[in-house]
Amino acid sequence: MNEEYLWDKSGEPDPEIQHLEDILGGLRYQPKPLELPTDIQPHRRNRYLPLLAIAATLLIALLAGVVWLRLQTHAPAQKLEAVNEQPSVPSSSPSPEAVVPNKPEKVVQQSIQPRHRELVASNVRHRTQPAAAPSKEALLAKEQLMSALRIASEKLNLAQRKAQGPTPNQIRNQHKIG
Amino acid sequence: MFELDATADMLLMSQPAKASTETPATETRIEVVLVKAVLEGDRNSFGRLYDLYAPMIHGILLARVPRSEVDDLVQDIFLHAFKKLHTLRDWAAFGPWIAMIARNRAMDFHRRSKETVEVTDDLRSTDTSTTKANEILELIRDLPEAYRETLVLRLVEGMTGPEIAERTGLTPASVRVNLHRGMKQLREKLGYTEAL
């Protein structure tokens with residue numbers, strides 16, 4: 001068998017293959033016109049489809065970026081709030097510097113942007129500031145006021161007693177003396 | 001035996017596909033141009049694609065379905081391809097694409113029809129040469145699928161190996177091996193039948 005003739009009809013023709021070609025050639029395709037219905041049109045290719053696909057991809061990427069940014073800004077605040085939820089040192093602790101959670105509270109207040117501050121539920125305890133130590137002059141004035149009030153109170157009591165008259169015990173005692 | 005076959009295959013595959021290099025690149029460009037024109041509304045360009053590929057589709061179908069059904073199926077396949085041409089991504093791959101449509105359509109035909117139709121249909125001819133051709137065609141159809149399609153395209157449609165590779169999308173080495181093995185098996189079958 002001539003392999004080259006079988007492959008591309010080159011070289012010396014193979015009689016057996018030629019014989020088969022002659023016989024089977026009768027079954028060969030006979031050209032016929034293609035009958036395409038006139039009402040069928042090929043689908044037009046949308047020229048703008050690639051541009052639309054690119055635009056849609058960019059839009060999706062933009063939306064994903066916005067969502068990611070929002071999550072990023074909310075996530076640290078939530079972490080710090082979670083830290084705040086840890087049990088704090090009892091309030092009986094005398095010095096405010098010894099209370100640890102005070103420091104993260106300050107960090108939370110700094111990290112939350114002003115526009116988000118009202119959106120974040122904070123766990124901040126509003127503490128009353130300890131009263132400032134009174135000065136010496138104030139203490140002196142207070143003592144003077146208190147002593148004046150005490151004297152006035154004593155004098156009022158004495159006047160009240162004189163107005164009510166002597167008590168029975170006083171009369172009895174006077175009677176004994178006299 | 002298997003070692004000899006394997007050695008032969010290696011030799012066939014290692015040979016440079018001389019004719020495949022001669023495959024004109026212009027034809028691919030013609031396909032691309034024609035598909036583009038059809039998609040832009042030119043129906044005549046699809047007629048040119050039909051002229052180029054109808055023999056291949058005819059051969060693919062002839063290797064699988066009764067001869068009497070082939071012509072109608074060829075028209076049907078090209079009509080389907082015309083409707084679905086916008087789904088073809090690689091315009092240069094029009095040949096492999098429509099070849100696959102033809103193979104699938106042949107499988108659908110066998111699912112729907114009965115094998116008895118094939119026998120009565122093909123043996124209807126009284127012409128001696130046609131009868132002989134139908135007998136050989138039946139022998140080819142008994143071969144493995146890869147061999148029968150390649151052999152029909154070569155022996156019936158008169159296409160060369162490089163043309164078969166170019167149109168169907170198969171590699172030249174595969175076509176060469178299929179031709180070699182298919183021809184070998186067909187000879188064995190022909191010798192067996194002639195002895196009877």
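Within the largest nonpolar core, which holds 53 residues, B:Ile57, B:Leu61, B:Ile98 and B:Leu151 touch the most other members. Such a core is a set of buried Ala, Val, Leu, Ile, Met, Phe, Trp, Tyr and Cys residues joined through C-beta atoms within 7 Å. A residue is buried if 20 or more other C-beta atoms lie within 10 Å of its own, exposed if 12 or fewer, and partly exposed in between, with C-beta atoms placed from the backbone. H4(B) gives the most to this core, contributing 10 residues. The model is predicted: local features need pLDDT of at least 70 and side-chain atom pairs pLDDT 80 or more, while totals for chains, interfaces and linings use all residues. Residues are numbered from 1 along each chain as its sequence is written, with chains lettered from A and ligands numbered from 1 in the order in which they are written.

Beyond its neighbours within four places in sequence, B:Leu151 is in contact (C-beta atoms, placed from the backbone, within 7 Å) with B:Ile140, B:Leu143, B:Leu179, B:Gly182, B:Met183 and B:Leu186. Chain B as a whole has 11 helices and 0 strands, these being DSSP runs numbered from the N terminus (helices H or I, at least four residues; strands E, at least two). Of its 196 residues, 39% are buried.

Turning to the partner chain, 37 residues of chain B are in contact with 24 residues of chain A. Among the elements giving two or more residues to this side of chain B are helix H3 (25-39), helix H4 (43-62) and helix H11 (172-195).

How values were computed
Two residues are in contact if their C-beta atoms, placed from the backbone, lie within 7 Å.
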